[in-house]
Amino acid sequence: MIMASQSQIAANRRNSRKSTGPRSRAGKKRSSGNALRHGLSISFHAGAVQTKAIEKLAQQMAGPRPDRIALELARAAASAVFDLARVRQVKTQLIKAVSALGSVDPSPTFTSRRGDLRYLKLALKSSVSPAARSDPSATMPSEEVAGDTEAVRRALPELEKLDRYEARAINRRDRAIRAMISSWSDAPSAT
């Protein structure tokens, strides 16, 4: 194990002081909702119906005569499968919302005349008509396939953010399954 030198420790401390997150009130407010935007960072608390479904899936994964360790690992894998389904459901809902509304973001609301004027000036400078800027669904293609493709294209930045949650659920599931298989091979044989 390599130890950090005093100069490296001092440099790390200087760098950490620079990366303290947002400093403005607006930046702090915006970043405070990052973890809750899709609700996926909140741990999944299963109700009675989901608990039964998770337990049933865990029993199937663990096999006919599971030991305690294999059953616990199967429960972890089954829970991750449910988290994965939840992420994929959010992705589907996001694409449907963009398809219906034409945009991920809601249309702007203004709290002052200055905001109204700034928006109108930007709209007049832009090559896109103000009606299309205020109603993103007006620019959605009318054909179903083209509309779906455009909805996915518009939702792509948000879908990329959800990939982190999906990858985390897949990794938890796969890690639990590998550990369960490993516990089976490590178990003493009955012969």
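The mean pLDDT of the protein chain is 76, and 65% of its residues reach 70 or more. pLDDT is the predictor's confidence in each residue, on a scale from 0 to 100. This is a predicted model: local features need pLDDT of at least 70, side-chain atom pairs count only at pLDDT 80 or more, and totals for chains, interfaces and linings use all residues. Residues are numbered from 1 along each chain as its sequence is written, and side-chain values use heavy atoms, with hydrogens and water left out.

Confidence is lowest in helix α6 (residues 130-134), at a mean of 48. Over residues 127-133 the pLDDT is below 50. Beyond near neighbours in sequence, this stretch has 9 contacts in the model, a contact being heavy atoms within 4.5 Å. Where pLDDT is low, the predicted coordinates should not be read in detail.

The protein chain has 7 helices and 0 strands. Of the 191 residues, 21% count as buried. Buried means under 20% relative accessible area, exposed over 50%, and partly exposed in between, with a 1.4 Å probe and protein chains only. Among contacts between residues at least 6 apart in sequence, 66% join residues at least 24 apart.

Turn now to α3. Confidence is highest in this helix (residues 48-62), at 90. Its 15 residues should span 21 Å at 1.5 Å a residue, and its end C-alpha atoms are 21 Å apart, which agrees. The expected span is 1.5 Å times one less than the number of residues. Ile54, Ala58 and Ala62 are buried in α3. They cover an arc of only 65° around the axis, so they sit on the same side of α3. That arc is taken from the directions from the helix axis to the C-beta atoms. An α-helix has 3.6 residues a turn, so residues three or four places apart point the same way. The face turned away from the buried side of α3 carries the exposed residues Val49, Lys52, Lys56 and Gln60. Just after α3, Gly63 takes a positive phi of about 100°.

Helix α7 (residues 144-186) holds Ser183. Ser183 counts as buried because its relative accessibility is 15%. What does Ser183 touch, not counting residues up to four places away in sequence? Ser183 touches Ile69, Ala70 and Leu73. The C-alpha atoms of Ser183 and Ile69 are separated by 7.6 Å, although these residues are 114 residues apart along the chain.

Technical notes. Helix = DSSP H or I, 4+ residues; strand = E, 2+ residues; numbered from the N terminus.
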